[in-house]
Amino acid sequence: MQEFLFALTLSALPVVSNFMGAMIAEALPSSKQTLGLALHAAAGVLLAILLRRRCANASTELIPRVAMSKPVWAAILALFLGGAFFVWINQLLNLSKNRLRGVDHNSVSWVIFLSIAIDLFGDGLMIGTSLTIAPHLGVVLASGRVVAHIPEGFVTNAEFKSQNMPRTQRFWLLAAFLIPVWLGATLGYWGLRGQSDLPKLIVLAFTTGTLMVAIVEEILPEAHQTQDTNLSTLTFIGSFALSMLFSSYLE
(Lines give C-alpha, C1' and ligand atoms only; values in the text may rest on other atoms or scores of the structure.)
Protein backbone atom coordinates (compact mmCIF):
# COMPACT_ATOMS: atom_id res chain seq x y z
CA MET A 1 0.00 0.00 0.00
CA GLN A 2 2.88 2.35 0.76
CA GLU A 3 4.22 1.84 -2.75
CA PHE A 4 0.79 2.63 -4.20
CA LEU A 5 0.62 5.88 -2.19
CA PHE A 6 4.06 6.68 -3.59
CA ALA A 7 2.63 6.12 -7.09
CA LEU A 8 -0.19 8.59 -6.38
CA THR A 9 2.31 11.14 -5.07
CA LEU A 10 4.57 10.80 -8.10
CA SER A 11 1.67 10.99 -10.54
CA ALA A 12 0.52 14.25 -8.92
CA LEU A 13 3.76 15.99 -9.95
CA PRO A 14 2.57 16.70 -13.55
CA VAL A 15 -0.60 18.24 -12.08
CA VAL A 16 1.54 20.52 -9.91
CA SER A 17 3.55 21.69 -12.93
CA ASN A 18 0.27 22.10 -14.83
CA PHE A 19 -0.88 24.43 -12.05
CA MET A 20 2.41 26.35 -12.31
CA GLY A 21 1.74 27.01 -15.98
CA ALA A 22 -1.78 28.12 -15.11
CA MET A 23 -0.39 30.65 -12.61
CA ILE A 24 1.79 32.13 -15.36
CA ALA A 25 -1.34 32.58 -17.50
CA GLU A 26 -3.08 34.12 -14.48
CA ALA A 27 -0.34 36.72 -14.08
CA LEU A 28 -0.18 37.73 -17.75
CA PRO A 29 -2.80 39.94 -19.41
CA SER A 30 -5.16 38.13 -21.76
CA SER A 31 -4.58 38.74 -25.46
CA LYS A 32 -5.12 36.89 -28.72
CA GLN A 33 -1.39 36.82 -29.37
CA THR A 34 -0.60 35.28 -25.98
CA LEU A 35 -3.38 32.73 -26.38
CA GLY A 36 -2.20 31.86 -29.90
CA LEU A 37 1.36 31.27 -28.70
CA ALA A 38 0.07 29.10 -25.85
CA LEU A 39 -2.06 27.02 -28.23
CA HIS A 40 0.90 26.47 -30.56
CA ALA A 41 3.09 25.49 -27.60
CA ALA A 42 0.49 23.05 -26.30
CA ALA A 43 0.11 21.47 -29.76
CA GLY A 44 3.88 21.04 -30.03
CA VAL A 45 4.14 19.42 -26.61
CA LEU A 46 1.20 17.08 -27.22
CA LEU A 47 2.60 16.05 -30.61
CA ALA A 48 5.95 15.24 -28.99
CA ILE A 49 4.11 13.17 -26.38
CA LEU A 50 2.49 11.07 -29.11
CA LEU A 51 5.88 10.29 -30.61
CA ARG A 52 7.79 9.78 -27.37
CA ARG A 53 5.23 8.19 -25.04
CA ARG A 54 6.60 4.88 -23.85
CA CYS A 55 4.78 1.77 -22.76
CA ALA A 56 6.24 1.20 -19.29
CA ASN A 57 9.14 -1.18 -19.92
CA ALA A 58 8.98 -0.91 -23.71
CA SER A 59 12.11 0.65 -25.15
CA THR A 60 10.57 2.04 -28.32
CA GLU A 61 8.09 4.81 -28.99
CA LEU A 62 4.40 4.03 -28.89
CA ILE A 63 3.36 4.53 -32.51
CA PRO A 64 6.11 2.31 -34.04
CA ARG A 65 5.46 -0.17 -31.22
CA VAL A 66 1.77 -0.33 -32.21
CA ALA A 67 2.72 -1.39 -35.73
CA MET A 68 4.88 -4.22 -34.34
CA SER A 69 2.43 -5.47 -31.69
CA LYS A 70 0.96 -8.96 -31.83
CA PRO A 71 -1.84 -9.05 -32.83
CA VAL A 72 -1.31 -5.75 -34.61
CA TRP A 73 -5.03 -5.22 -35.26
CA ALA A 74 -5.82 -4.90 -31.54
CA ALA A 75 -3.61 -1.86 -30.91
CA ILE A 76 -4.55 -0.25 -34.23
CA LEU A 77 -8.25 -0.76 -33.45
CA ALA A 78 -7.68 0.87 -30.06
CA LEU A 79 -6.02 3.81 -31.82
CA PHE A 80 -9.05 4.22 -34.08
CA LEU A 81 -11.50 3.86 -31.21
CA GLY A 82 -9.62 6.56 -29.30
CA GLY A 83 -10.11 8.96 -32.21
CA ALA A 84 -13.77 7.94 -32.53
CA PHE A 85 -14.20 8.52 -28.80
CA PHE A 86 -12.94 12.09 -29.19
CA VAL A 87 -15.34 12.70 -32.10
CA TRP A 88 -18.20 11.50 -29.90
CA ILE A 89 -17.16 13.69 -26.97
CA ASN A 90 -16.73 16.68 -29.27
CA GLN A 91 -20.23 16.11 -30.65
CA LEU A 92 -21.61 16.11 -27.11
CA LEU A 93 -19.80 19.38 -26.43
CA ASN A 94 -21.28 20.95 -29.56
CA LEU A 95 -24.77 19.76 -28.61
CA SER A 96 -24.43 21.23 -25.14
CA LYS A 97 -23.20 24.47 -26.68
CA ASN A 98 -26.30 24.69 -28.86
CA ARG A 99 -28.67 23.97 -25.96
CA LEU A 100 -27.15 26.47 -23.54
CA ARG A 101 -28.79 29.88 -23.85
CA GLY A 102 -27.22 33.10 -22.68
CA VAL A 103 -23.95 31.42 -21.67
CA ASP A 104 -20.59 32.34 -23.18
CA HIS A 105 -19.45 28.83 -23.93
CA ASN A 106 -16.55 27.85 -26.18
CA SER A 107 -16.32 24.13 -26.84
CA VAL A 108 -12.64 24.46 -27.81
CA SER A 109 -11.82 25.37 -24.20
CA TRP A 110 -13.38 22.11 -23.05
CA VAL A 111 -11.68 20.16 -25.84
CA ILE A 112 -8.31 21.41 -24.59
CA PHE A 113 -9.31 20.56 -21.03
CA LEU A 114 -10.29 17.04 -22.14
CA SER A 115 -7.06 16.60 -24.10
CA ILE A 116 -4.94 17.52 -21.09
CA ALA A 117 -7.02 15.21 -18.88
CA ILE A 118 -6.44 12.32 -21.30
CA ASP A 119 -2.74 13.11 -21.42
CA LEU A 120 -2.60 13.07 -17.60
CA PHE A 121 -4.44 9.75 -17.55
CA GLY A 122 -1.73 8.32 -19.79
CA ASP A 123 0.96 9.78 -17.52
CA GLY A 124 -0.61 8.19 -14.46
CA LEU A 125 -0.91 4.89 -16.31
CA MET A 126 2.78 4.88 -17.20
CA ILE A 127 3.92 5.95 -13.74
CA GLY A 128 1.73 3.40 -11.95
CA THR A 129 2.80 0.58 -14.23
CA SER A 130 6.49 1.49 -14.13
CA LEU A 131 6.56 1.43 -10.33
CA THR A 132 5.59 -2.25 -10.42
CA ILE A 133 8.78 -2.84 -12.44
CA ALA A 134 11.30 -0.60 -10.64
CA PRO A 135 10.81 2.41 -8.32
CA HIS A 136 13.46 4.49 -10.07
CA LEU A 137 11.68 4.05 -13.42
CA GLY A 138 8.54 5.70 -12.05
CA VAL A 139 10.59 8.60 -10.69
CA VAL A 140 12.30 9.10 -14.05
CA LEU A 141 9.00 9.04 -15.98
CA ALA A 142 7.33 11.47 -13.56
CA SER A 143 10.31 13.85 -13.73
CA GLY A 144 10.28 13.79 -17.51
CA ARG A 145 6.61 14.79 -17.62
CA VAL A 146 6.84 17.72 -15.19
CA VAL A 147 8.29 20.22 -17.67
CA ALA A 148 5.88 19.25 -20.46
CA HIS A 149 2.81 20.14 -18.43
CA ILE A 150 3.75 23.78 -17.80
CA PRO A 151 2.59 24.99 -21.27
CA GLU A 152 -0.45 22.70 -21.04
CA GLY A 153 -1.50 24.35 -17.78
CA PHE A 154 -0.88 27.75 -19.29
CA VAL A 155 -3.08 27.19 -22.32
CA THR A 156 -5.86 25.55 -20.27
CA ASN A 157 -6.14 28.47 -17.88
CA ALA A 158 -5.64 31.05 -20.64
CA GLU A 159 -8.49 29.54 -22.69
CA PHE A 160 -10.91 29.50 -19.75
CA LYS A 161 -9.77 32.98 -18.73
CA SER A 162 -10.51 34.27 -22.24
CA GLN A 163 -14.09 32.98 -21.78
CA ASN A 164 -14.45 35.13 -18.61
CA MET A 165 -14.79 32.07 -16.41
CA PRO A 166 -14.55 33.00 -12.70
CA ARG A 167 -11.15 32.39 -11.12
CA THR A 168 -12.51 30.05 -8.44
CA GLN A 169 -14.14 27.84 -11.05
CA ARG A 170 -10.94 27.75 -13.11
CA PHE A 171 -8.91 26.67 -10.09
CA TRP A 172 -11.39 23.91 -9.26
CA LEU A 173 -11.10 22.61 -12.83
CA LEU A 174 -7.30 22.65 -12.58
CA ALA A 175 -7.51 20.71 -9.32
CA ALA A 176 -9.83 18.20 -11.03
CA PHE A 177 -6.86 17.10 -13.16
CA LEU A 178 -5.91 14.93 -10.18
CA ILE A 179 -8.83 12.64 -11.02
CA PRO A 180 -7.60 11.33 -14.42
CA VAL A 181 -3.95 11.09 -13.36
CA TRP A 182 -4.80 9.14 -10.18
CA LEU A 183 -7.24 6.98 -12.13
CA GLY A 184 -4.47 6.14 -14.59
CA ALA A 185 -1.98 5.46 -11.78
CA THR A 186 -4.47 3.15 -10.06
CA LEU A 187 -5.20 1.24 -13.26
CA GLY A 188 -1.50 0.98 -14.08
CA TYR A 189 -0.48 -0.16 -10.60
CA TRP A 190 -3.27 -2.63 -9.81
CA GLY A 191 -4.69 -3.56 -13.22
CA LEU A 192 -1.68 -3.79 -15.54
CA ARG A 193 1.04 -4.97 -13.18
CA GLY A 194 2.52 -8.23 -14.40
CA GLN A 195 0.65 -8.00 -17.70
CA SER A 196 2.26 -8.31 -21.11
CA ASP A 197 2.92 -5.27 -23.29
CA LEU A 198 -0.26 -5.72 -25.35
CA PRO A 199 -2.85 -4.59 -22.73
CA LYS A 200 -0.67 -1.56 -21.93
CA LEU A 201 -0.33 -0.75 -25.61
CA ILE A 202 -4.08 -1.01 -26.14
CA VAL A 203 -4.81 1.51 -23.37
CA LEU A 204 -2.07 3.91 -24.48
CA ALA A 205 -3.03 3.53 -28.17
CA PHE A 206 -6.58 4.54 -27.24
CA THR A 207 -5.35 7.73 -25.56
CA THR A 208 -3.01 8.39 -28.49
CA GLY A 209 -5.87 8.21 -31.01
CA THR A 210 -7.87 10.66 -28.91
CA LEU A 211 -5.00 13.16 -28.69
CA MET A 212 -4.22 12.88 -32.41
CA VAL A 213 -7.72 13.94 -33.39
CA ALA A 214 -7.79 16.68 -30.74
CA ILE A 215 -4.56 18.25 -32.00
CA VAL A 216 -5.44 18.13 -35.70
CA GLU A 217 -9.14 19.00 -35.53
CA GLU A 218 -9.37 21.41 -32.62
CA ILE A 219 -6.20 22.78 -31.05
CA LEU A 220 -4.24 23.73 -34.19
CA PRO A 221 -7.26 25.17 -36.04
CA GLU A 222 -8.09 27.27 -32.96
CA ALA A 223 -4.47 28.41 -32.79
CA HIS A 224 -4.60 29.62 -36.39
CA GLN A 225 -7.70 31.71 -35.66
CA THR A 226 -5.68 33.90 -33.28
CA GLN A 227 -2.95 36.34 -34.31
CA ASP A 228 -0.91 33.79 -36.22
CA THR A 229 2.67 34.94 -36.88
CA ASN A 230 6.10 33.50 -37.60
CA LEU A 231 6.68 33.57 -33.84
CA SER A 232 3.69 31.24 -33.43
CA THR A 233 5.25 28.74 -35.82
CA LEU A 234 8.58 28.96 -34.02
CA THR A 235 6.78 28.46 -30.70
CA PHE A 236 5.15 25.29 -32.06
CA ILE A 237 8.36 23.71 -33.33
CA GLY A 238 10.33 25.01 -30.35
CA SER A 239 7.97 23.46 -27.79
CA PHE A 240 8.02 20.22 -29.78
CA ALA A 241 11.83 20.16 -29.88
CA LEU A 242 12.23 21.03 -26.20
CA SER A 243 9.74 18.38 -25.16
CA MET A 244 11.55 15.75 -27.24
CA LEU A 245 14.88 16.90 -25.76
CA PHE A 246 13.69 16.68 -22.16
CA SER A 247 12.11 13.28 -22.79
CA SER A 248 15.27 11.94 -24.38
CA TYR A 249 17.47 12.94 -21.47
CA LEU A 250 15.11 12.29 -18.58
CA GLU A 251 13.52 8.98 -19.59
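**Entry 1: terms and ground rules**

Buried, in my notes, means under 20% relative accessible area, exposed means over 50%, and partly exposed lies in between (1.4 Å probe, protein chains only). Helices (H or I, at least four residues) and strands (E, at least two) are DSSP runs, numbered from the N terminus.

I'm looking at a predicted model, where local features need pLDDT of at least 70 and side-chain atom pairs count only at pLDDT 80 or more, while totals for chains, interfaces and linings use all residues. Residues are numbered from 1 along each chain as its sequence is written, and side-chain values use heavy atoms, with hydrogens and water left out.

**Entry 2: the whole chain**

I looked up the helices and strands first: the protein chain has 12 helices and 0 strands. Read along the sequence, the pattern is α-α-α-α-α-α-α-α-α-α-α-α. Of its 251 residues, 50% count as buried. I also checked contacts (heavy atoms within 4.5 Å). Among those with a separation of 6 or more, residues 24 or more positions apart account for 86%.

**Entry 3: helix H1**

Which residues of H1 are buried? I found Phe-4, Ala-7, Leu-8, Leu-10 and Ser-11. They cover an arc of only 165° around the axis, which puts them on the same side of H1; the arc is that of the directions from the helix axis to the C-beta atoms. On the other side of H1, I noted Gln-2 and Thr-9 as exposed.

Leu-5 also sits in H1. It is partly exposed, with a relative accessible area of 46%.

**Entry 4: helix H10**

I checked the length of H10 next. At 1.5 Å a residue, its 14 residues should span 20 Å, and the end C-alpha atoms are 19 Å apart, which agrees. The expected span is 1.5 Å times one less than the number of residues.

In H10, the buried residues are Pro-180, Val-181, Gly-184, Ala-185, Gly-188 and Tyr-189. Their arc around the axis is only 155°, which puts them on the same side of H10. Ile-179 and Leu-183 are exposed on the other side of H10.

**Entry 5: H1 against H10**

How do I describe a packed pair? Two packed helices are described by the angle between their axes and the distance between the axes. H1 (residues 2-11) and H10 (residues 178-191) pack at an angle of about 145°, with axes 9 Å apart. Axes here are lines fitted to C-alpha atoms, for helices over the stretch in contact, and angles run from 0 to 180 degrees between N-to-C directions.

I wrote down who makes the contact: from H1, Glu-3, Phe-4, Ala-7, Leu-8 and Ser-11; from H10, Val-181, Trp-182, Ala-185, Thr-186, Tyr-189 and Trp-190.

**Entry 6: helix H9**

In H9 (residues 167-175), I see Arg-170, Leu-173 and Leu-174 as buried. Seen down the axis of H9, they fall within an arc of 100°, so they line one face of the helix. The face turned away from that buried side carries the exposed Thr-168 and Trp-172.

**Entry 7: Ala-74**

Last stop: Ala-74, in helix H5 (residues 72-99). Is Ala-74 buried or exposed? At 12% relative accessibility, Ala-74 counts as buried. Leaving aside neighbours within four places in sequence, I find Ala-74 in contact with Leu-198 and Ile-202. Ala-74 and Ile-202 are 128 residues apart in sequence and 6.9 Å apart in space, C-alpha to C-alpha.
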